[in-house]
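Open the structure in your viewer and keep the selection tool at hand. The tour goes stop by stop, with something to select at each one.

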Amino acid sequence: MVSDDKLLSAFLDGDAASFDELMSRHEDAIFRLCLRMLGSREDAMDATQDTFLTLYRKGKQFSGKSKLSTWLYRVAINTCHDHLRRRKRRQTVPIPEGIDPPDTAVQDAFDSVEVRPDILTALKAIPEEFRGAIVLIDIEGLSLDTAADALSVPIGTVKSRTYRGRRLLAEYLGNFPSPSEHQRDEDHA
Amino acid sequence: MKTMHEHDIDLIAAIAEQRLTGEELIRAGAEVSACPECTKRLAEQRAARAFLGTAPDVGLTSIERARLHRAMRPRPSRWYRLVPSLAAAAAIVVAVGLATRNTTMESLPTAKDIGAPLQTEQSQRNAFEPSAESTITAAASSTTLAFAAGSVAEDAAALEELATIASQLRADPPDEMADACGTKAFEQTSLDPVASVDIETSYYTVPAVMFVYQDSALVFDAGTCDLLDTIPAVEP
């Protein structure tokens, strides 16, 4: 298989098909990352397009020091941060930050539908700097150094962000009964 | 009974991520077991990882894939955007005439003075020169591909023109904010800008975005969010 670097060189020499091939190789991974960062397919599509637009325009500035996929992750993460920042600015009703204690009244209604949040909902509860780290490490399976490169931060920062992100996620999940607890409660009712 | 220390965080994460084996794992496990808080934190880390491990392997649908490829297909000097509503964003066009290029702004410090990256080759100026018209468009409008890369800090005329644009935006900021590099700009300044716009100018071969503040303006590469230039405010 032709390497990403060779495809990029061919594209920079004018071969448009090589760009299509690069897109086909990486578009699912970039879209998946954007979806988990942004929580909506439409926003993820937009961010994915922006990421490949950057590759099209800035491909010649790719130094080759890291893998192209890592460079694309970095561009995608930056693009997602911009989307999230823009979204916050457009919000007119402030949403309280942090993790609230369980609200039993709401919980009863929630239990009747579902006992555990889906991944996207849970990720939205985590601040974006931690979310990026746990998505890259725990879902995408990147190594610490590759994630550090993609996030443009030192490895120590990635470690700290993943640790804190998981703690917040565990606390958030702690607000929801596990499926077994839910079943046990129903049995006792 | 042992209490939790900062270095235990590394151990806990390493165990949760299954990065340790053999003796290392046994030693770390013993250390964590001796500390009740560490044990609790390890359980949290494992629970979170287990939950994240259930993430489905999502990807683009065939329709989304086709849309993406269609959107990325270049037309002469233009790109499609995926979101139709963006096209509704009104374009603010500020035309800056040739006249502004004939004056100089020697009083302005260059990017070199303030540590911004410098363009080393003026030849990076775009192939469409000598067009001197610059346009600013609101956040979502289309962009052309005719730009020069890197800073224009050594080009006094460019700096003057950019300072003029910034002044105009300060006086009459558009409603829309630019899409790109907001986080980066905030990291640099900790300020909310008066205005931020995508700029299309013959001075840059890359899409650029300008953040305008009361006493300066920053220009970033819209793709990488690298700082290209800092433009001090001038009297209108």
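Start with chain A as a whole. This is a predicted model. Among the contacts in chain A with a separation of 6 or more, 66% are between residues 24 or more positions apart. Now color by secondary structure. Chain A shows 10 helices and zero strands. Along the sequence the pattern reads α-α-α-α-α-α-α-α-α-α.

How much of chain A is buried? Of its 189 residues, 51% are.

**Stop 1: the opening helix**

Select residues 4-12 of chain A, which form helix α1. Show the side chains of A:D4, A:L7, A:L8 and A:F11, the buried residues of this helix. They span an arc of only 100 degrees around the axis, so they sit on the same side of α1(A). An α-helix has 3.6 residues a turn, so residues three or four places apart point the same way.

Next, click on A:G14, which follows α1(A). The phi of A:G14 is positive, near 110 degrees.

**Stop 2: where chain A meets chain B**

Bring chain B into view. In chain A, 50 residues are in contact with 55 residues of chain B. Together the two chains bury about 4,700 Å², with 57% of it on carbon and sulfur atoms. Select A:M45, A:R57 and A:Y163. In chain A these three lose the most area to chain B, together 15% of what that side buries.

Look at the polar side of this interface. The rule finds 19 residue pairs in polar contact across it. Which helices of chain A supply at least two residues each to the side that touches chain B? They are α2 (16-38), α3 (41-58), α4 (68-90), α6 (119-124), α7 (128-139) and α9 (155-174). Highlight α3(A): with 13 residues, it gives the most to that side.

**Stop 3**

Side chains of opposite charge can pair when their charged atoms come close. The whole structure holds 21 salt bridges over all chains. Across the interface of chain A and chain B there are 10.

Select A:E42 and B:R67. Their side chains meet in a salt bridge, 3.2 Å from N to O. The pair crosses between chains, from helix α3 of chain A to helix α4 (residues 62-71) of chain B. A:E42 is partly exposed, at 39% relative accessibility. B:R67 is partly exposed too, at 23%.

Now go to A:K58 and B:D221. Their closest N and O atoms are 2.1 Å apart, in another salt bridge. A:K58 lies in helix α3 of chain A and B:D221 in strand β4 (residues 216-221) of chain B, so this pair also joins two chains. Are these two buried or exposed? B:D221 is buried, at 2% relative accessibility. A:K58 is buried as well, with 2%.

**Stop 4: a network of charges**

Select B:R49 and A:D138. Their side chains form a salt bridge, 2.5 Å from N to O. Then pick B:E17 and B:R19, a salt bridge with its closest N and O atoms 2.6 Å apart. B:E17 is buried, at 12% relative accessibility, whereas B:R19 is partly exposed, at 36%.

Salt bridges with shared partners join A:D138, A:R166, B:E17, B:R19 and B:R49 into one network.

How values were computed: Residues numbered from 1 in each chain as written. Chains lettered and ligands numbered in written order. Predicted model: local features only at pLDDT ≥ 70, side-chain atom pairs only at ≥ 80, totals over all residues. Heavy atoms only, no water. Buried < 20%, exposed > 50% of the residue type's maximum accessible area, 1.4 Å probe, protein only. Helix = DSSP H or I, 4+ residues; strand = E, 2+ residues; numbered from the N terminus. Arc of directions from axis to C-beta. Contact = heavy atoms within 4.5 Å. Buried area = accessible area lost by both parts, 1.4 Å probe. Salt bridge = Lys/Arg side-chain N within 4 Å of Asp/Glu carboxyl O. Polar contact = N/O pair within 3.5 Å; in protein donor to acceptor, adjacent residues only side chain to side chain.
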